[in-house]
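Dear colleague,

Please find below the structure that I am handing over to you. After it, I set out what was found.

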Amino acid sequence: MNHVHNRAEKKRITLNYLNQPVADDGKLLSEFTNFLGTTVRQFVSLTCASWHQVPEKQLLWEYVKDKYIVPDDAKPWVNKSMSDHFRSYKSRIKRDYYNTYPTDEERLSHRPEEVSLSDWKILLNYWGDEKVQEIAKKNSEARQKITETHTTGSTSFAQVAHMLRLEKLAKLEKEKQEKLGKMPVNDDGEGEGNGEEDPIKVSDADIYLATRKRDEKREYKLPEQVLKMVNDKIVDVKKTLETEDTTEDSEKSANSEKSANSEKSAEVSYEDDNDVNTD
């Protein structure tokens, strides 16, 4: 990521209606997310007990804006993302360099290169505190109860929803071109100039299915009964979506028939009026 930190060009980050970064090019968003992670690792000391104690938050935000064109509305999301990176980074350091060794003497001899000796000693004292260890134990037990996790890695749900919307947009435009011959759908998903409601909707069920995809050839750490539970839930969600699609198609068909009948009634009424005028 050094090329991002050192380059002069500033790439533009766009937001969705929830002020979350999204991009048609997934590589840009992946780069931005990784950039936030490396920024945290380079400039934030692990001796901070939590992200709330990090004093440089405003300086970090200004640094982000120095490297990217980012709307101010993205600041809460960027702060939350950096907080997640900080917690994940600190957890990994503890797992690999603290939990792996039974004594502080061994931990000192296996200090991670990116952590200074003075900071490492502070961390050893902090993680060795009985109260801190008790809190860590409770947190670990709570995590063990989480049986269902997503499979999107560092890709945000906002980006997943954005890509699903683009897929639906392309499908809708193709259908309009092939069946209706109407004008293309614009970037906002609305029929140009026809005042129609935005037809591009991504439901929570759509996002759930997209974020729970699993490779059948890959082995997962989750227990078999948990995987079965997740797969059963996926089947239920798919059935729900199919039911909703069927209902929506029926409603569209009924509305079209109603509209056609209304037009026909209007034509009959017009003819009757003409007959009266003729008499």
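**Overview of the chain**

Of the 279 residues in the protein chain, 30% are buried, where buried means under 20% relative accessible area, exposed means over 50%, and partly exposed lies in between (1.4 Å probe, protein chains only). Please note that this is a predicted model, in which local features need pLDDT of at least 70 and side-chain atom pairs count only at pLDDT 80 or more, while totals for chains, interfaces and linings use all residues. Residues are numbered from 1 along each chain as its sequence is written, and side-chain values use heavy atoms, with hydrogens and water left out.

The average pLDDT (the predictor's confidence in each residue, from 0 to 100) of the protein chain is 78, and 73% of the residues score at least 70. Two stretches call for caution. Residues 188-198 stay under 50 in pLDDT, and the model has 18 contacts for them beyond four places in sequence; a contact means heavy atoms within 4.5 Å. Residues 263-279 are also below 50, and this stretch has zero contacts in the model beyond near neighbours in sequence.

The secondary structure consists of ten helices and four strands; helices (H or I, at least four residues) and strands (E, at least two) are DSSP runs, numbered from the N terminus. In order from the N terminus, the elements run α-β-β-β-α-α-β-α-α-α-α-α-α-α. Among contacts with a separation of 6 or more, 62% are between residues 24 or more positions apart. The accessible surface of the chain is about 19,400 Å², and carbon and sulfur atoms account for 48% of that surface; such areas come from the Shrake-Rupley method with a 1.4 Å probe, and for residues only the protein chains shown count as cover.

**One face of helix H3**

Helix H3 covers residues 57-67, and its buried residues are Leu-60, Trp-61, Tyr-63, Val-64 and Lys-67. Viewed down the helix axis, these buried residues fall within an arc of 160°, so they line one face of H3. The arc is taken from the directions between the helix axis and the C-beta atoms. The buried residues of H3 pack against H1, E1, H2, strand E4 (68-69) and helix H4 (75-97).

**Salt bridges**

How many salt bridges does a search of the whole structure find? The search finds eight, a salt bridge being a side-chain nitrogen of Lys or Arg within 4 Å of a carboxyl oxygen of Asp or Glu.

One of them joins the side chains of Glu-31 and Arg-7, at 2.6 Å from N to O. This pair links distant parts of the chain, 24 residues apart: Glu-31 is in helix H2 (residues 26-43), and Arg-7 is in the loop between helix H1 (2-6) and strand E1 (11-12). Both Glu-31 and Arg-7 are buried.

Asp-72 and Lys-65 also meet in a salt bridge through their side chains, at 2.6 Å from N to O. Here Asp-72 is exposed, with a relative accessible area of 51%, whereas Lys-65 is partly exposed at 28%.

A further salt bridge connects Asp-104 with Arg-107, their closest N and O atoms being 2.8 Å apart. The two are about one helical turn from each other, because Asp-104 and Arg-107 are three residues apart in helix H5. Asp-104 is partly exposed at 34% relative accessibility, while Arg-107 is buried at 10%.

**Surroundings of Arg-107**

Arg-107 lies in helix H5 (residues 104-109). Not counting residues up to four places away in sequence, Arg-107 touches Tyr-97, Tyr-98, Tyr-101, Pro-102, Trp-120 and Leu-124.

Yours sincerely
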